[in-house]
Structures are given as structure tokens and as C-alpha cells.
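These are my notebook entries on a single structure. I record what I looked up, entry by entry.

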Amino acid sequence: MLKFDWNIAFTFINLVVFYLLMRKFLFGRIKKVMDARKELIQKQFDDAAQTEKEANEKLADYENRIANYEAEGEQIISEAKDNAKVEYNKIIEEAEADAKALKADAKKQIEIDTLNAQRAAKEEIASLAMQAAEKVVGKNISADTNSDIFDEFLKESSEE
């Protein structure tokens, strides 16, 4: 027949009592510590995710700013080039206007000098003609007569 061993029964009872005591006093505390540790780890993961999200937002913001600064820099360079072209064209136009004015002034001065030279030549010719006429006639005509003849000669020569 089968024999029942009381040692096995007492060992089983001891294990059940030990389990119940452990469950009552130890498992609850261990579970609390494990839950607290789990919450701490989850909080650290959430904080890391939030920090990563903020870092990505700041990175996107900085990249956006850099793009804006680059666009602004290109716009400033473009405006500077346009202003330089306008200034260049203005300087060229002023130089051309000054050159035209100098050319016109030179032409006027040449015309004035030419007229003065012609007038001086005519006066010299008239004076020589008067001297030649005096020698041919042999006497000096009055100053008024000389002046009238001289003016008439100049008038006739300027009409030609």
C-alpha cells in the first residue's frame, strides 16, 4: 500500500504559509518599488522624447532662420548691384552731358575765335588798304573820312 509521508505535507503547508506571508508583506512592497521604477523609466523616456522634439523644433527654426538670412543676404546683394548699376548709368550720363557741354563750349569758342580772327584780318587789310591809298593819293584824308571809308570797307567785306 501507499504510504503517506507527513513531512511532504508539512513542507507543502510551510511553502503555502511562506508564500502567503511573502505576498502579504513583501510582494506588495516589491511591486510598489517596481511600479515606481517603471514610472521613473517611463518619465525619463517621455522627457527624452520631449527634449528630442524641442531640439528638432529648434533645429527647424534655426534652419528656417538661416534660409531667411541667406535670402535676405541675396536680396541685399541684388539691391546693391541694382544701385551700383543705377549709379554707374548716372555717372556715365553725367560724363556724356559734361562732354557734350565741353564740346559745345569748344565749338562756341572756336566760332568766337574765328570771328575775332576774321575781324582782325579785315581790320588789318583795311588799315593796309588805307595806307596804300594814302601813298597813292599822296595825302592824308581827314580822320572822319578815314573812319567812314574803313567802316564801309568792313561792312562790305562782312556781307561777302
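Is Asp-47 buried, partly exposed or exposed? I looked up its relative accessible area in this predicted model and found 39%, so Asp-47 is partly exposed. I then looked for its partner: Asp-47 forms a salt bridge with Lys-43, with 3.5 Å between the closest N and O atoms. Both residues lie in helix α1, four residues apart, about one turn of the helix.

Entry on the other salt bridges. I noted that the count comes to three. The side chains of Lys-31 and Asp-35 meet in one of them, at 3.8 Å from N to O. Lys-31 is exposed at 51% relative accessible area, whereas Asp-35 is partly exposed at 34%. Asp-61 and Arg-65 form another, at 3.5 Å from N to O. I read Asp-61 as partly exposed at 34% and Arg-65 as partly exposed at 42%. Asp-61 and Arg-65 sit four residues apart in helix α1.

Entry on aromatic pairs. I counted two. In one of them, Trp-6 and Phe-10 are tilted, with 6.4 Å centre to centre and 40° between the planes. Both lie in helix α1, which covers residues 6–137. Trp-6 is exposed, with a relative accessible area of 57%.

Entry on surface charge. I found a patch of negative charge made of Glu-87, Glu-93, Glu-94, Glu-96 and Asp-98. Asp-98 belongs to helix α1.

Entry on the whole protein. I recorded two helices and zero strands. Of the 160 residues, 4% are buried.

Note on methods: Residues are numbered from 1 along each chain as its sequence is written. This is a predicted model: local features need pLDDT of at least 70, side-chain atom pairs count only at pLDDT 80 or more; totals for chains, interfaces and linings use all residues. Side-chain values use heavy atoms; hydrogens and water are left out. Buried means under 20% relative accessible area, exposed over 50%, partly exposed in between (1.4 Å probe, protein chains only). Rings of Phe, Tyr and Trp (its six-membered ring) pair if their centres lie within 6.5 Å; planes under 30 degrees apart count as stacked, over 60 as edge-to-face and the rest as tilted. Patches are made of residues with over 30% relative accessible area and no salt bridge: like charges are joined within 9 Å, nonpolar side chains (Val, Leu, Ile, Met, Phe, Trp, Tyr) within 5 Å. Accessible areas come from the Shrake-Rupley method with a 1.4 Å probe; for residues, only the protein chains shown count as cover. A salt bridge is a side-chain nitrogen of Lys or Arg within 4 Å of a carboxyl oxygen of Asp or Glu. Lys and Arg count as positive and Asp and Glu as negative; His and the chain ends are not counted. The place of a charge is taken as NZ of Lys, CZ of Arg, CG of Asp or CD of Glu.
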